[in-house]
Amino acid sequence: MVHLNKPIIMTALMGKADFAWADRMRRQYYPAERNVVSAHITLFHHLPPQALAELKASIVELTRTERKPVASLSGLLHLGRGVAYHIHSPELLDMRMALADRFHGLLTAQDQQRPRLHMTIQNKVIPKEAKQLCDELSATFEPRSFEIRGLGLHYYLDGLWQEIGSWPFRGG
């Protein structure tokens, strides 16, 4: 279903094993009543629905020509009222910034900024609880590779997401 008045979210898609781990972590630490979407890596938070055809064409072109970007989990981020894993991927960040250039003039102020790639596993908790979890997970954290297999688009439906489509990178 096309939603002409609902914003579009663009995400980086995780490999199957990494997604299973990330979603398990999110279910474990995210407040259950607020955890309405699966684990994800947001690249753009609010793209205009009127640009859907151009967004799809840009993603198809990009994923058809690019290989999966090299990525790794490089540490934990304390978000104040939550915790996330930082994703280090200069290649994915370059792809995202190229898309931002292409859609200049259509982006919100938030999406015009250079993002800090991450995957949130806890949010909307009291700061003390977030700091405790961040400290606990940081104590045993070891950097590791993390698979990014493609790009996805979703409609934002007042908290819930509806998938528009997903496109794997070449060779992915």
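Rings of Phe, Tyr and Trp, taking the six-membered ring for Trp, count as a pair when their centres lie within 6.5 Å; planes under 30 degrees apart are stacked, over 60 edge-to-face, and the rest tilted. Keep that rule in mind. Ring pairs link Trp21, Tyr85 and Phe141 into a cluster.

Ground rules next. This is a predicted model, where local features need pLDDT of at least 70, side-chain atom pairs count only at pLDDT 80 or more, and totals for chains, interfaces and linings use all residues. Residues are numbered from 1 along each chain as its sequence is written, and side-chain values use heavy atoms, with hydrogens and water left out.

Back to the rings. The rule gives two aromatic pairs. Trp21 and Tyr85 are edge-to-face, 5.1 Å centre to centre, with 65° between the planes. Trp21 sits in helix H1 (residues 16-29) and Tyr85 in strand E4 (residues 83-88), 64 residues apart. Helices here are DSSP runs of H or I with at least four residues, strands are runs of E with at least two, and both are numbered from the N terminus. Now the other pair. Tyr85 and Phe141 have ring centres 6.0 Å apart and planes at 40°, so this pair is tilted. Phe141 lies in the loop between helix H5 (127-140) and strand E6 (144-145), so the pair ties strand E4 to a part 56 residues away in sequence.

Is Tyr85 buried or exposed? Tyr85 counts as buried, at 5% relative accessibility. The cut-offs: buried is under 20% relative accessible area, exposed is over 50%, and partly exposed is in between, with a 1.4 Å probe and protein chains only. Trp21 is buried too.

Two charges sit over rings. That means NZ of Lys or CZ of Arg within 6 Å of the ring centre and within 35 degrees of the ring normal. The charged end of Arg26 is over Tyr30, 4.1 Å from the ring centre. Arg96 does this over Phe44, with its charged end 4.1 Å from the centre.

On to the core. A nonpolar core is a set of buried Ala, Val, Leu, Ile, Met, Phe, Trp, Tyr and Cys residues joined through side-chain atoms within 4.5 Å. The largest one has 46 residues, and Met10, Tyr85, Met119 and Ile121 have the most contacts inside it. Helix H3 (residues 90-102) supplies the largest share, five residues. Take Met119. Beyond its neighbours within four places in sequence, its contacts (heavy atoms within 4.5 Å) include Trp21, His40 and Tyr85.

Then the surface of the chain at Ile164. Ile164 is in strand E8 (residues 160-168). Its relative accessible area is 22%, so Ile164 is partly exposed. Its C-alpha atom is 9.6 Å from that of Ile9, 155 residues away along the chain.

Last, backbone angles. Most residues other than glycine have a negative phi. Which phi value does Lys124 have? Phi of Lys124 is near 65°, a positive value. Lys124 lies in the loop between E5 and H5, and is partly exposed at 45% relative accessible area. Asp158 also has a positive phi, near 55°. Asp158 is in the loop between strand E7 (148-157) and E8. With a relative accessible area of 63%, Asp158 is exposed.
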